[in-house]
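Trainee: Could you pick one part of this model and take me through it closely? I would like to see how it connects with what surrounds it.

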Amino acid sequence: NRERIVQSERLNVVSELAASVSHEIRNPLTVTSGFLQLLNKSKTMTPEEKGFVELSLQELQRAEKIVSDYLSFAKPQSENMVYSNMKAESEYTKNIIMPYATMHKVDVQFSFNNSLNKNYDRNQIQQCLINLYKNGIEAMKETDGGTLFIDIFEKKQNIMISIKDNGVGMTKDEISRLGKPYYSTKAEGTGLGMLMVYSTVDKVKGTIEVDSEKGKGTTFLITIPT
Ligand code: ADP
Ligand code: MG
């Protein structure tokens, strides 16, 4: 029992730390890449020097990606707890990813039909939805676009979240690796997005079903009991 208390205290410290780390790291990343972009315009640099600057910019972008996959909505737990039906969060995050979808020629179909309320951490749910939406869009970017179907509805006493893409799909083996830290098949992936998704769904006592076929597409079905 005592061990469990120590554990959960530790988890709280981690999430509080994550919140401040993400804020403290974002600013210097933005400032540094801004100055490097300016430097990159210089006409007196040698090609080799230019190469160094470009490499630095790429690395900064990678750090920014890690922060955005894992920490962009992180804030101390207590501030974000709401009792609600996820409407605000799902609409807000859908709007956030629209430019990203358009950029990859992906159409987004959104439907919301849920009146069940649940206690949840607003920022974690937002981060979780964003990570799933982004993966769906990224799965379709090589297949020259497609449609991302986001469907939130109720079934018995459960909030159901279905996110479907007609992208690259996964093999059984690939599905079994989802959520392992740093597992990514993308050149610029962090492999942290699904880890965050699984841990968030776990916190609200929900389950995730993955239905995927290589070359056809993927559906994530999340069931959250109320
Ligand atoms: P990242 O997106 O940075 O690679 P994630 O943890 O978000 O990391 O996803 C891990 C891996 O799971 C991805 O690299 C991809 O191979 C696979 N994956 C996740 N979602 C999908 C999807 N909708 N369609 C196909 N593959 C997916
Ligand atoms: Mg991802």
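Mentor: Gladly! Serine 212 is buried, because 20 other C-beta atoms lie within 10 Å (20 or more is buried, 12 or fewer is exposed, in between is partly exposed, with C-beta atoms placed from the backbone). This is a predicted model, in which local features need pLDDT of at least 70 and side-chain atom pairs count only at pLDDT 80 or more, while totals for chains, interfaces and linings use all residues. Residues are numbered from 1 along each chain as its sequence is written, with chains lettered from A and ligands numbered from 1 in the order written.

Serine 212 belongs to strand β6, residues 207-213 (strands are DSSP runs of E, at least two residues, and helices are runs of H or I, at least four, both numbered from the N terminus). Beyond neighbours within four places in sequence, serine 212 is in contact with Gly169, Met170, Ile175 and Thr218 (C-beta atoms, placed from the backbone, within 7 Å). Lysine 164, 48 residues away in sequence, has its C-alpha 9.5 Å from that of serine 212.

Now the wider chain. Seven helices and seven strands make up its secondary structure, and 25% of its 226 residues count as buried. Of the contacts between residues at least 6 apart in sequence, 76% join residues at least 24 apart.

The axes of α5 (residues 122-140) and α4 (residues 87-103) come within 9 Å and cross at roughly 35 degrees (axes are lines fitted to C-alpha atoms over the stretch in contact, with angles from 0 to 180 degrees between N-to-C directions). Residues that meet there include Tyr92 and Ile96 in α4, and Leu129 and Tyr133 in α5. By class, that contact has 10 nonpolar, three polar and three charged residues (Ala, Val, Leu, Ile, Met, Phe, Trp, Tyr, Cys and Pro are nonpolar, Asp, Glu, Lys and Arg charged, the others, Gly among them, polar).

Helix α5 also supplies the largest share of the shell around ligand 1, four residues. That shell has 21 residues, with Asn135 and Ala139 among the closest (C-beta atom, placed from the backbone, within 6 Å of the ligand).

Key. Two residues are in contact if their C-beta atoms, placed from the backbone, lie within 7 Å.
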